[in-house]
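Work through the exercises below with the structure open beside you. Try each task before you read its solution.

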Amino acid sequence: MREETLFSIAMPYRQDMKVKSFSFGVTSDGRTLGADGDAGARVDEFENAACFVAGVRGNEIQQTYICARIVRKLRKLETEGVLTPGQRIMVVPCVNPASMNNRKRFWVGDNTDVNRMMPGYDLGETTQRIAGALFEHVKGFRYGIHFSSFYLEGDFMDHVRVMSGPGIQTDNGADFGLAYVSRHVPGSFDTTTLHYNWRLWDTEAYTLYTKETDLVDEESAASMVRACLRFLDARGLIDRPCHGGMRATVFAERGLTPVSVSCGGVFRRIAQLGDTVSAGQLLAEVIDPLRGEVLEEVRAPQGGVVFFVCRTPLVNEQTLAFQLVPRRIRQEQLLERGNFLDPEA
Amino acid sequence: MIQTVSSYQMAVDEDLEVVKNRLTPAGVTHEDLEALPRIAVVSGIHGDELEGQFTCYEVARRVNEHPEFLTGIVDIYPALNPLGVGALSRGIPQFDLDMNRVFPGNNSASPFESMAADIVADIAGATISLDIHASNVYLRELPQIRINEISEEALMPWALESNVDFVWVHGNATVLKGTLAYSLNDLGTPCLVVEMGVGMRLTREYGEQLADGIFNLMRRAGIWSGPVREVRRPIVSSDGEVGFVNADVAGVFMPAVQHNWDVRKDQVIGHIWDALTGEVLQELKSPADGLLFTLREYPIVYPGSLIARVLGTETDGEVD
């Protein structure tokens, strides 16, 4: 394993923020990245095969934790000699440790979002520089996997998100063996994300969403680590027996069934993540926060699987409470491609 | 008349309301109002930008003082993000979400996206609208209007009459499509983005300057028949004429010049200190001769923090 500080940025009244990477690779004659002396191999002896990135936002703790577990696992696999020779796998577990130490989602200095600054600019503002420095190191990999999160406060089923677009076949998100793959038609707001820019620079990109963000969920983390090993195995980057995981259901993101509340109050959820629900089934109640009366019974408009569930104890009118993967996937929505290079066109 | 533009129930016994003050000429029937020209004066999308508060007040005050001159509709929306304005929060407090990235909104996604859609629907069709911002807490700005180059033809005649110091025509690539202004212009409702002053503060002089410009626009639009003050001719510039000064180190910035000064190329703009050691970490110089229209107000800086912007000495495309 080769541990490297990809870049650092000076901080006022605290230590420099160092963004670290961990690279794994062995050569066909048995030398290893990062090993000492004759046993060591140089980075330029490897093809840049797969790159994992997490912690672009400071509250993406579960995402960083998953990458840390991947680092530990890859280190073990490297020792066991099951990495495919000549292929480099790099992990960047935390792009934004300064914000993470502040327990803050966006950049500590100005509250901007590093994942809205890609591919960055080395002479720009701070988060543009962070994005630029990161992208310089992570572009050019064949496969890019970003552990990210949504702004909605709630729990998601573990899933892979792929962006429709030209050039690269991304339907292979199913190779992670997770239960769901969502297909996303890019909009203008996507053009400054890591995923989009990886795709623009010919990396086969995937974004992985996990149940938690600012809390660690061991079960979900373990599931994600297994999914990533399964993907590496499917791409021929490791040679290790992996179980097949699940046969993924692929759906268009806009085909999710939204279920919103129609009044404000205390949100009492009844349906749980992953539950299969029928049309009309009670999913949650909204309770009057002063009188204790049930203001609304939130029911499923159609059958499906609970994919997202709101976690906040208080909801406003129209808060998105659930998203359901409908029982019947509309195949015509999966054919929608959008316009990758000009999403607004 | 105070009207509710958008209302959604919050969790505990309160509605989240976006309100506006609609000022109309006396004696006009409801049906006739539809045919009248209309101006929308908008502020408070970012809860920490308060400069528009004085402009809104001043426009309402002057109309109330001389209602006999009103020949069209004036809609004043001082706080599109009421929770943020009240709580010193730039974004929408519950989500830390930038409201100026959710337009044109969607009438089902979330209450805040629905609010955005309600706001766009309410302003759409105005003869002219202004979205008044105050930079942010980090930078102080001269009164200026920023225009997307694809809207230049439609907006420039209005911008030139709005009594700002200059008009900055942005390249299309730098334009953010989730903004209120982009959404309104896309619908064919002209919307000028005003930046002036600094976050969390009021600059009376700028507020009065812009109010003068708004009355000039109202007169041109047939909304105001009263006297208006003569407006200044703004400098017009494109991206290529603006020079940027960014910090390369972390520390404490102290300016050596004042905002709105004419500076010379290589003139010292300020220094970044290390307050712990007493060292000067970086001396910052102007990249060009020109007007220092942006200057950092908030002293703590990181590598990359914007310190100043200098407008080169070209006006209306010609060198002085």
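The exercises that follow concern a predicted model.

**Exercise 1. Overall form of chain A**

Task: Find how many helices and strands chain A has, and decide why it can be called as compact as a globular protein of its length.

Solution: 
- Step 1. Count the elements. Chain A holds six helices and 20 strands.
- Step 2. Look at the box. Along the principal axes, the C-alpha atoms of chain A fill roughly 75 × 50 × 40 Å.
- Step 3. Check burial. Of the 345 residues in chain A, 46% are buried.
- Step 4. Check contact range. Take the contacts in chain A between residues at least 6 apart in sequence: 64% of them join residues at least 24 apart.

**Exercise 2. The two domains of chain A**

Task: Locate the domains of chain A and describe the contact between them.

Solution: 
- Step 1. Domain 1 of chain A covers 2-251, and domain 2 covers 256-328.
- Step 2. Take the distance between centres. Over C-alpha atoms, the centres of these two domains are separated by 32 Å.
- Step 3. Count the contact residues. Domain 1 of chain A gives 10 residues, and domain 2 of chain A gives 10 residues.
- Step 4. Name the elements on the domain 1 side. Strand S8 (154-156) and strand S12 (249-252) of chain A each give two or more residues. S8(A) gives the most, with three residues.
- Step 5. Sort that side by class. It has five nonpolar, two polar and three charged residues.

**Exercise 3. Where chain A meets chain B**

Task: State how many residues each chain gives to the contact.

Solution: 
- Step 1. Count both sides. Chain A supplies 33 residues and chain B supplies 29 residues.
- Step 2. Trace the chain A side. Among the elements with at least two residues there are helix H3 (126-138), strand S1 (2-11) and strand S14 (265-269) of chain A.
- Step 3. Sort the chain A side by class. It has 15 nonpolar, 12 polar and six charged residues.

**Exercise 4. Ala39(A)**

Task: Is Ala39(A) buried or exposed?

Solution: 
- Step 1. Ala39(A) sits in the loop between strand S3 (32-33) and strand S4 (40-41) of chain A.
- Step 2. Count its neighbours. Ala39(A) has 10 other C-beta atoms within 10 Å, so it is exposed; the cut-off for exposed is 12 or fewer.
- Step 3. List its contacts. Leaving out residues up to four places away in sequence, Ala39(A) touches Arg31(A) and Thr32(A).

**Exercise 5. A hairpin and a helix in chain B**

Task: Show how S1(B) and S2(B) pair, then find what the buried residues of H4(B) pack against.

Solution: 
- Step 1. Read the pairing. Strand S1 (residues 2-9) and strand S2 (residues 15-23) of chain B run antiparallel, joined by seven bridges. Ser6(B) stands opposite Val18(B) in S2(B).
- Step 2. Inspect the turn. Five residues lie between the strands of this hairpin, and Asp13(B) in the turn has a positive phi of about 60 degrees.
- Step 3. Size the helix. Helix H4 (residues 111-123) of chain B has 13 residues and reaches 18 Å, close to the 18 Å expected.
- Step 4. Find its buried residues. They include Phe112(B), Met115(B), Ile119(B) and Ile123(B).
- Step 5. Follow the packing. The buried residues of H4(B) pack against S1, S2, strand S3 (38-43), strand S5 (128-133) and helix H6 (180-186) of chain B.
- Step 6. Look past the end. Gly125(B) follows H4(B) and has a positive phi, near 95 degrees.

Key
Residues are numbered from 1 along each chain as its sequence is written. Chains are lettered from A and ligands numbered from 1 in the order in which they are written. This is a predicted model: local features need pLDDT of at least 70, side-chain atom pairs count only at pLDDT 80 or more; totals for chains, interfaces and linings use all residues. Two strands pair if DSSP finds at least two bridges between them. Helices (H or I, at least four residues) and strands (E, at least two) are DSSP runs, numbered from the N terminus. Two residues are in contact if their C-beta atoms, placed from the backbone, lie within 7 Å. Ala, Val, Leu, Ile, Met, Phe, Trp, Tyr, Cys and Pro count as nonpolar, Asp, Glu, Lys and Arg as charged, and the others, Gly among them, as polar. A residue is buried if 20 or more other C-beta atoms lie within 10 Å of its own, exposed if 12 or fewer, and partly exposed in between; C-beta atoms are placed from the backbone. Domain bounds come from an automatic or database domain assignment. The expected span of a helix is 1.5 Å times one less than its number of residues. The radius of gyration is taken over C-alpha atoms; the globule rule is 2.2 Å times the number of residues to the power 0.38.
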